Amino acid sequence: MALYSEKVMDHFRNPRNLGVLEDANAIGEVGNAKCGDIMKMYLKIEDDMVKDVKFETFGCGSAIASSSMATEMIKGKPLSEVEKLTNKAVTEALDGLPTHKIHCSVLAEQAIKSALEDYRSKK
Amino acid sequence: MIYADNAATTKMSDAAIDVMLTHIKENYGNPSSLYEFGQKAKEVLEEARTDVARVINAQPEEILFTSGGSEADNQAILSAAELGRKQGKLHIISTAFEHHAVLHTLEKLKKQGFEITLLDVHEDGLIRPSEVEAAINDNTCLVTVMYANNEIGTIQPIKEIGEICHRKKVLFHTDAVQAIGHVPVDVVAENIDMLSASSHKFHGPKGVGFLYARKGIALTNLIEGGAQERGKRAGTENVPGIAAMATALKEICSKMEKNTAHVKALRDRIIKGLEEIPHSILNGDAQKRLPSNINFCFEGIEGESLLLLLDDKGIQASSGSACTSGSLDPSHVLLAIGRVHDVAHGSLRLSLGEDLSETDADYIIKSVREVVEYLRSFSPVWRDLSSGKIKHLL
Ligand SMILES: Cc1ncc(COP(=O)(O)O)c(C=O)c1O
């Protein structure tokens with residue numbers, strides 16, 4: 001048994017939406033280097049939709065894969081849907097994570113929530 | 001595949017495999033049986049004991065076969081503690097970067113009322129003998145300091161520490177699991193009372209090891225039962241494993257000089273190549289370290305993702321990041337030498353094998369450089385470090 005599912009390894013090896021979004025209007029950053037994970041999400045929100053999204057992550061394989069998967073799950077989606085994204089949905093989409101790595105999917109959910117807060121605070 | 005995780009375990013040598021198979025297939029008698037077939041197994045066992053003893057300049061009767069390094073560490077420490085308890089001496093000195101087989105045993109003793117002093121290992125990963133001497137008091141029953149650290153490879157001043165212990169009449173144990181077969185060890189010249197070793201670190205099978213205990217040291221049993229191992233370790237002996245361990249040990253020791261020259265040159269080549277990565281640091285003293293050990297921290301990246309990408313490039317290595325340890329904290333060894341959490345998460349240990357080539361070494365350098373650069377390219381920590389938002393620690 002490998003440590004991670006094939007889905008996790010695919011998103012880790014070929015992360016989707018990797019990088020910085022120069023014209024982002026919602027940025028969320030969660031985690032801390034002391035614990036070994038930091039996720040930063042850049043969202044471009046227009047007409048209550050996530051038009052574009054990119055991420056940067058410092059962290060382990062599952063942290064990178066969780067961020068990648070989460071960006072895919074919210075790209076092009078209305079905010080009403082994005083708000084409801086849970087870490088559980090991210091984990092399921094990755095075909096599961098080892099128990100001690102579930103917190104990586106929690107970080108992905110929190111990073112998105114943090115970006116939405118940033119967006120609303122600027123409105 | 002370039003296997004660079006020999007501190008975790010090694011590939012069994014062909015000679016050791018042959019010996020093991022022979023004893024499994026043909027020589028399966030019980031050494032405790034009186035008929036000749038059993039006695040033949042007994043002979044194999046005693047021959048292995050003599051071979052192992054010779055390597056560390058001990059007497060055969062001072063060698064006790066165990067299930068590996070962890071058991072040897074447990075038995076050595078618990079025996080010394082028992083002897084201490086009888087004399088009312090409940091103080092043990094060790095170091096902050098021992099293997100968990102030592103540290104967890106000491107924690108157990110602490111709960112039983114022992115006082116444990118863990119010495120500072122300094123930034124270079126080396127114990128200062130003067131600090132050992134200063135820590136010894138009238139209640140000290142044991143000093144246990146590892147010969148070479150399993151993560152950063154630093155080789156401790158064992159002879160000096162042993163000399164102090166003997167002068168102060170305190171038992172001295174060393175966990176030499178990473179050293180045996182890789183650097184010369186002499187229990188007499190180095191004043192060692194007890195020593196632990198593990199076969200799978202020197203191309204022998206897993207689940208076998210030995211404890212050296214100087215004549216006259218009364219050991220405490222961890223396993224009760226039959227009278228095997230002079231009554232100090234019950235259970236029918238693992239004859240195939242023990243014979244294979246002795247074979248592997250003799251073999252690696254006969255090549256030690258050649259191996260050391262070869263591996264050390266490659267180690268230093270890789271260290272030089274990786275030092276060129278900006279904001280990186282070699283962990284542990286550059287010279288007083290195992291010939292095979294390389295351990296770096298790279299700022300702005302996390303160790304597990306580094307390992308996974310190296311694995312994709314065919315290189316197997318290890319890291320002290322929290323994610324690889326399965327706990328929330330990074331390696332206690334890196335923290336003990338003063339690396340802060342943020343930096344310790346980005347660590348890489350390469351432990352080289354004797355069959356590594358120069359081409360392999362250059363491939364390792366190239367691959368590590370590429371992967372570190374790639375991971376930094378999307379690390380928010382690296383971005384903040386580069387922009388000056390947070391200060392570089394390395
Ligand atoms: C320094 C040290 N001590 C003890 C051990 C435990 O040895 P074993 O795996 O044989 O129990 C190891 C191996 O992981 C080690 O590196």
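This briefing walks through some features of chains A and B, topic by topic. The model is a predicted one. Chain A holds 5 helices and 3 strands, and 54% of its 123 residues count as buried. Over all chains, the count of salt bridges comes to 34.

**Chain A as a whole**

- Starting at the N terminus, the elements of chain A follow the order α-β-β-β-α-α-α-α.
- The radius of gyration of chain A is 13 Å, close to the 14 Å that the globule rule gives for 123 residues, so chain A is as compact as a globular protein of that length.
- Take the contacts in chain A between residues at least 6 apart in sequence: 61% of them join residues at least 24 apart.

**Helix 5 of chain A**

- Helix 5 of chain A covers residues 102–122, and at 1.5 Å a residue its 21 residues should span 30 Å; the end C-alpha atoms are 31 Å apart, which agrees.
- Several residues of this helix are buried, among them Cys104(A), Leu107(A), Ala111(A), Ile112(A), Leu116(A) and Tyr119(A).

**A salt bridge between two strands of chain A**

- Lys40(A) and Glu29(A) form a salt bridge, with their closest N and O atoms 3.6 Å apart.
- Lys40(A) belongs to strand 2 of chain A and Glu29(A) to strand 1, so the pair ties together parts that are 11 residues apart in sequence.
- Lys40(A) is buried, with a relative accessible area of 12%, whereas Glu29(A) is partly exposed at 36%.

**Salt bridges in chain B**

- Side chains of opposite charge can pair when their charged atoms come close.
- Arg167(B) and Glu163(B) meet in a salt bridge at 3.3 Å, N to O.
- Both of these residues, Arg167(B) and Glu163(B), lie in helix 6 (residues 158–168) of chain B, 4 residues apart, about one turn of the helix.
- Arg167(B) counts as partly exposed at 45% relative accessibility, and Glu163(B) counts as partly exposed at 37%.
- Another salt bridge joins the side chains of Arg214(B) and Asp193(B), at 2.8 Å from N to O.
- Arg214(B) sits in the loop between strand 8 (209–213) and helix 7 (239–254) of chain B, and Asp193(B) in the loop between strand 6 and strand 7 (194–198), so the pair ties together parts that are 21 residues apart in sequence.
- Asp193(B) is buried, with a relative accessible area of 1%, while Arg214(B) is partly exposed at 32%.
- Lys42(B), Glu46(B), Arg49(B) and Glu229(B) are joined into one network by salt bridges that share partners.

**Asp175(B), a buried charge**

- Asp175(B) is part of strand 6 (residues 171–175) of chain B.
- Although buried, Asp175(B) has no salt bridge; Lys201(B), the nearest side chain of opposite charge, is 8.8 Å away.
- A polar atom of the Asp175(B) side chain lies 3.0 Å from the backbone nitrogen of Val177(B).
- Beyond its neighbours within four places in sequence, Asp175(B) is in contact with residues including Asp73(B), Glu98(B), His99(B), Tyr147(B) and Ser196(B).

**Positive phi values in two loops**

- Most residues other than glycine have a negative phi.
- Asp95(A) has a positive phi, near 60°, and lies in the loop between helix 4 and helix 5 of chain A.
- Asp95(A) is exposed, with a relative accessible area of 53%.
- His122(B) also has a positive phi near 60°, and its place is the loop between strand 4 (115–119) and helix 5 (129–135) of chain B.

**His104(B)**

- His104(B) is found in helix 4 (residues 100–111) of chain B and counts as partly exposed at 46% relative accessibility.
- His104(B) and Asp186(B) are 82 residues apart along the chain, and their C-alpha atoms are separated by 27 Å.

Definitions and conventions: Residues are numbered from 1 along each chain as its sequence is written. Chains are lettered from A and ligands numbered from 1 in the order in which they are written. This is a predicted model: local features need pLDDT of at least 70, side-chain atom pairs count only at pLDDT 80 or more; totals for chains, interfaces and linings use all residues. Side-chain values use heavy atoms; hydrogens and water are left out. The expected span of a helix is 1.5 Å times one less than its number of residues. Buried means under 20% relative accessible area, exposed over 50%, partly exposed in between (1.4 Å probe, protein chains only). Lys and Arg count as positive and Asp and Glu as negative; His and the chain ends are not counted. A salt bridge is a side-chain nitrogen of Lys or Arg within 4 Å of a carboxyl oxygen of Asp or Glu. A polar contact is a pair of N or O atoms within 3.5 Å; within protein, one must be able to donate a hydrogen and the other to accept it, and residues adjacent in sequence count only if both atoms are side-chain atoms. Contact means heavy atoms within 4.5 Å. The radius of gyration is taken over C-alpha atoms; the globule rule is 2.2 Å times the number of residues to the power 0.38.
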